[in-house]
Amino acid sequence: MNSKTTSLIGAALVLALALAGCGSGSSGSAGSSGSNGAGATAAYDPDATVEVGSLYEPQNLDNTAGGGQGVTEAFNGNVYEGLFRLTDDGKVESLLAEDHMVSKDGLTYTFTLRSGVKFHSGKPLTSADVKYSIEKVIAPDSQSARKSSLEVIKSIETPDDSTVTVKLSGKSISLVYNLSYVWIVNSQAKNLTTTEDGTGPYTLGTWKRGSALTLERFPGYWGTPAANKQVVFHYFTDATALNNALLTKAVDVVTSEQSPDALANFTDNGDYKVNNGQSTTKLLLAFNDRKAPFDKVLVRKAITSAIDNKKLLSSIWGEYGTLIGSMVPPTDPWYEDLTSVNPYDPNLAKKELAEAGYGSGLSFTLDTPNYDPHPTVATFLKSELAKVGITVNINVITADEWYTKVYKNHDFAATLQEHVNDRDVVWYGNPDFYWGYDNPQVAKWVEQAEQSDTADGQTELLKKVNQQIAADAASDWLYLYPQIVVASSSLSGYPVNGLNSQFYAYGIKKSGGRG
Amino acid sequence: MTAYLLRRTAFLVVSLFLAAVVLFLLLRLIPGDPANALLSVGASPDQVAAARHLIGTDRPLPEQFVSWLGEMSRLDLGSSFVSTLPVGPEIAARLVVTVPLTLLAFLLAVVIAVPVGFLAAYRAGTWYGSVLSALSQLGIAVPVFWVGMLLITVFSLHLGVLPAGGFPQDDWADPGDALTSLTLPVVTVALVMSASLIRYVRSATLDVLGSDYLRTARALGSSFIGAMWRHGLRNAVVPVVSILGIELATTFLGAVVVESVFALPGLGGMLVKGFAQHDYPVIQGILVVSTFTVLLIGFAADLVQRLIDPRLRRSLGGNLSGDGA
């Protein structure tokens, strides 16, 4: 019991920790959340502190340097503003742009900036800041998830301090929408990974990593001041710990409830309100459409019809969540209900399998991310598909392995994955995307949709895309997640939808009592 | 004793270096690409390559290792791949939670375990001796997080006397607040840790109680307490102290688990996240610091043992008595 033993213990600790880490995974997907708390409260305290509980701590404070979903939640619209804003119900509104004009050929956009806007550092907003901010997103080292959608920008000019001219290499009807993701930062600001200099209604107070981030009302804000004085985002890694905090009133609101079992504590409880909003997070059974057997439309349709999505959804989320039947959630402008295209019908599934030449059954491996809800869903699929003669081998992988094996190397037969972004049906127009859906007609529609002159034209084409991928069962869209915001009944004016991970806090009103 | 100290220090340095090498290699053996943590669905191959270049994982392994050693020798733990922020200051900030949690839990565990373990041995034949022994068995089988959740349910959700989690934003500015938020986590870890300590104390005491020297001392007229104090305790404490060093390290592991349950901003959360994201500098930083601490604790435990037990000084140290200590 001397030196040798203790050094062994040291090595064992290292090993134990290293092994413990192998199993833990995290969802690496990109963002989705959105506005409009329910319930009007009579009197509210304009100097209240709103305590927000969240599972998404920012990695750092720069959304072009890997800040992630957490920094979008805390900062988007609160600390930083874009030329446009995506409202909680999915509409795009002018924000820092007062007005914008599009040239006849659709290749030149001219934006006029709102006057009287100041950064938190006191510097007035100019067109140079806008140019700098957009270029930051499309720079070679940018890690922004929106980089590729803005690469259509050819040049940015600043004829005067309040005008920005953006020239495109091709028409892009989504430009204005995409610009709602671009934060306008002070072009002279430094250290944006730990500090901020935006134009929003709040400034950053403190950020204690691993614990909490505080926003303070900005007295020099150009618009309507925030309805509360301070917002504290408390960060949790454990959903149960987050719910306990809400139950003990350590937090007033949870931005996105991820623990269906815990909801029973809050429903039918007068102290809380459970808001069932719209999310954009879709759970997919994605096939590798390149390879047999999933290169056959009939096989994909058969699998889609063999799975009872309704039963799946209710077993995981109870009464919450939505069935969609395609990639498009109800908050996208081109949504339509396509759940009847491949209805749940095991007999039809068997017939389709026989027709495709798999009457005697088939088996495939399902790459399943190791975090909730994927393992549960995989087990459900396995038992459903067994009923029509299909054997599923469940292969559990980490989020990281998923990126390498499935996303980059396309080395898979089928996989489960959540896709969180709004308006992401356009990925079916890219044959190089991981699921390998290759339909030239669909690719063409996606391209034409982006070049439409009007939103209606775009909507019409993307509806066609949506119908076609559903008809081809390009993937199996199992369900749309619910977006559940649970809040103390003393709060009102909070966002309830799950768009783009954002959580606009400036409208939140807190009535009396606890400050 | 001086020679012993020198040898022991050299051993410490070599162990640390070996641990660093093993750590570096093991981390790279885990399949995965740290660049993945920086990306989201929709990232292009160019973005992946840019991310790899940015964090330097596109360089050859030996080059990465040498540059890491260089940083370490300057006491610089590098910067996180994911957050781009320096690792050292963040570890320091989080030690403010983890160190008090570990030490307090350890102290409480010892305070519980020593009398209970002694009693369990001294009254081994009685019903409560057996009950104590059985309870400690149960304690070993119960996972830390479960105890934590149980305590939260009782003391936070039902009684509402203690917070369910979190730590003051201003750390220890108000020690009362900080201690209040640490109370349940400390009790949680201490309860689980004391379970195994009780068993060590019990068996050490049993050995002593059955020993010839104790019987002889009693036969020579010592009272039981006197014999225990002069002979029994000194013998029983030797194996217990050596186990304490290991237990302190295990307490640290328990603290890591409990931090997540109680939403404490300590090293545990940082480490778990680091692993999930293959954030090598973060993992390496924490493990180097903790390995170093564990080795130091082992060192200290050895020294204490030698002070207590003159036989160790003679057989291993070369010198006869505790001259240098």
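In this predicted model, helix H10(B) is followed by B:His278, whose phi is positive, near 55 degrees. Most residues other than glycine have a negative phi, and most peptide bonds are trans. The points below look at that helix, then at each chain as a whole, and then at some backbone features of chain A.

**Helix H10 of chain B**
- Helix H10 of chain B covers residues 267–276.
- Is this helix mostly covered or mostly open? H10 is mostly covered, with 7 of its 10 residues buried.
- The buried residues start with the pair B:Leu267 and B:Gly268, and they also include B:Met270 and B:Leu271.
- At the other end of the list come B:Gly274, B:Phe275 and B:Ala276.

**Chain B as a whole**
- How many helices and strands does chain B have? It has 12 helices and 0 strands.
- A box of roughly 85 × 60 × 40 Å, taken along the principal axes, holds the C-alpha atoms of chain B.
- Chain B has 325 residues, and 48% of them count as buried.
- Take the contacts in chain B between residues at least 6 apart in sequence: 71% of these join residues at least 24 apart.
- The accessible surface of chain B is about 15,000 Å², and carbon and sulfur atoms account for 70% of that area.
- Chain B carries 19 positive and 19 negative charges, and their mean positions are 17 Å apart.

**An annotated span in chain B**
- An unreviewed UniProt entry lists "domain: ABC transmembrane type-1" for residues 95–305 of chain B.
- Over residues 95–305, chain B is 83% helix and 0% strand.
- The end C-alpha atoms of that span are 28 Å apart.

**Chain A as a whole**
- Chain A has both kinds of element: 12 helices and 18 strands.
- Its radius of gyration is 24 Å, close to the 24 Å that the globule rule gives for 515 residues, so chain A is as compact as a globular protein of that length.
- Along the principal axes, the C-alpha trace of chain A spans about 75 × 70 × 55 Å.
- Of its 515 residues, 57% count as buried.
- The accessible surface of chain A is about 19,100 Å², with 50% belonging to carbon and sulfur atoms.
- Chain A has 42 positive and 57 negative charges, whose mean positions are 1 Å apart.

**An annotated span in chain A**
- An unreviewed UniProt entry gives "domain: Solute-binding protein family" for residues 91–422 of chain A.
- This span is 23% helix and 27% strand, and its end C-alpha atoms lie 12 Å apart.

**Cis peptide bonds in chain A**
- A cis peptide bond joins A:Ala292 and A:Pro293, with omega about 0 degrees.
- A:Pro293 sits in the loop between strand E12 (272–287) and helix H6 (297–306).
- The bond from A:Asp372 to A:Pro373 is cis too, with omega near 0 degrees.
- A:Pro373 lies in the loop between strand E13 (362–369) and helix H9 (374–386).

**Positive phi in chain A**
- A:Asn191 is not a glycine, yet its phi is positive, about 55 degrees.
- A:Asn191 is in the loop between helix H4 (175–179) and strand E8 (202–208).
- A:Arg423 also has a positive phi, near 55 degrees.
- The loop that holds A:Arg423 runs between strand E15 (414–419) and helix H11 (440–450).
- A:Arg423 counts as buried, because its 17% is under 20%.

How values were computed: Residues numbered from 1 in each chain as written. Chains lettered and ligands numbered in written order. Predicted model: local features only at pLDDT ≥ 70, side-chain atom pairs only at ≥ 80, totals over all residues. Heavy atoms only, no water. UniProt positions renumbered as here; feature names shortened; annotations may be inferred. Helix = DSSP H or I, 4+ residues; strand = E, 2+ residues; numbered from the N terminus. Rg over C-alpha atoms; globule rule 2.2 N^0.38 Å. Buried < 20%, exposed > 50% of the residue type's maximum accessible area, 1.4 Å probe, protein only. Areas by Shrake-Rupley, 256 points an atom, 1.4 Å probe, with all protein chains shown as cover. Lys, Arg positive; Asp, Glu negative; His and termini not counted. Charge placed at Lys NZ, Arg CZ, Asp CG, Glu CD. Contact = heavy atoms within 4.5 Å.
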